[in-house]
Amino acid sequence: MERGGLRRAHESVMPLWQRTRRFRTYSPWLIPGAVQTESYTRALLRGTAARRGLPDDVEDAVRVRNERLKLLHQKDRTFAVLVEEAVLRNVMGDTDIMAGQLGYLLTVSELPSVSLGVLPLGADRTAMPPVEDFWIFDDAQVNVELISGYLTITQPGEVAMYADAFARLFKIAVVGAPARRLIASAIEALQ
């Protein structure tokens, strides 16, 4: 998928994003793409291109990915975003880029289309331990991000398993003011 560059890989998923109305994503490692700043995205994609020996089309890929950010402001879509608290502390780019990204998370958490949850360190994880990074697109498809690529799941029973995992993770997460406090604490730790 990436052999032709990152731009093409990002363009290939645009139809899926455009037809999806309900997005659910969980990440134990990184800020999910739908709520990334341009600088954070650029830092991640530069690292990806370098590690994989891909053509340098990072700026084009950033532009394509930024097109998806417009979906956050459309009233007919919802985004439920869950991240582990460690994600808030994993610096990508540099501390200025990370501070900007965390500030942006505070901003998007106030959007009516976005529900942002943080799974706090030290929470009882008996009901649902950390798992792999995944996206649920409506109730039709799950994409699981792997080191080597993406796993696409469309079998209804397997999609339902991810929906159940997301629901269990959401019950552990803090949202609203408690989530914003964890983000603010991570920003303070950068200074």
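**Reading cores and helix packing**

Colleague: Which residues touch the most other members of the largest nonpolar core?

Modeller: In this predicted model, Trp17, Leu72, Phe79, Leu88, Leu102 and Leu105 touch the most other members of the largest nonpolar core, which has 32 residues. As a general idea, nonpolar side chains in soluble globular proteins tend to be buried together.

Colleague: Which helices and strands each supply at least two residues of this core?

Modeller: The list runs through helix H2 (14-19), H3, strand S2 (78-84), H5, strand S3 (114-119), strand S4 (134-137) and H7. The largest share, 5 residues, comes from H7. There's also a second, separate core of 18 residues, and it includes Ala80, Met128, Val142 and Phe166.

Colleague: Now the helices. How do I describe a packed pair?

Modeller: You use the angle between the two axes and the distance between them. Take helix H5 (residues 95-108) and helix H7 (residues 177-190): their axes come within 10 Å and cross at roughly 165°. Angles over 145 degrees count as roughly antiparallel, so that is how H5 and H7 run relative to each other. Their crossing is left-handed.

Colleague: Which residues of H5 and H7 meet?

Modeller: From H5 you have Thr95, Met98, Ala99, Leu102, Gly103, Leu105 and Leu106; facing them from H7 are Arg180, Ile183, Ala186, Ile187 and Leu190. By class, this contact of H5 with H7 has 9 nonpolar, 2 polar and 1 charged residues.

Colleague: And at what angle do H3 and H4 cross?

Modeller: The axes of H3 and helix H4 (residues 58-69) cross at roughly 135°, coming within 9 Å. That makes H3 oblique to H4. The crossing of H3 and H4 is right-handed. On the H3 side, the contact is made by Glu38, Thr41, Arg42, Leu45, Arg46 and Ala49, and on the H4 side by Val58, Glu59, Ala61, Val62, Arg65 and Asn66. The residues of the H3 and H4 contact divide into 5 nonpolar, 2 polar and 5 charged.

Terms used
Residues are numbered from 1 along each chain as its sequence is written. This is a predicted model: local features need pLDDT of at least 70, side-chain atom pairs count only at pLDDT 80 or more; totals for chains, interfaces and linings use all residues. Side-chain values use heavy atoms; hydrogens and water are left out. Axes are lines fitted to C-alpha atoms, for helices over the stretch in contact, and angles run from 0 to 180 degrees between N-to-C directions. Helices (H or I, at least four residues) and strands (E, at least two) are DSSP runs, numbered from the N terminus. Angles under 35 degrees count as roughly parallel, over 145 as roughly antiparallel, 65 to 115 as roughly perpendicular and the rest as oblique. A crossing is left-handed if the near helix is turned anticlockwise from the far one by less than a right angle, and right-handed if clockwise. Contact means heavy atoms within 4.5 Å. Ala, Val, Leu, Ile, Met, Phe, Trp, Tyr, Cys and Pro count as nonpolar, Asp, Glu, Lys and Arg as charged, and the others, Gly among them, as polar. A nonpolar core is a set of buried Ala, Val, Leu, Ile, Met, Phe, Trp, Tyr and Cys residues joined through side-chain atoms within 4.5 Å. Buried means under 20% relative accessible area, exposed over 50%, partly exposed in between (1.4 Å probe, protein chains only).
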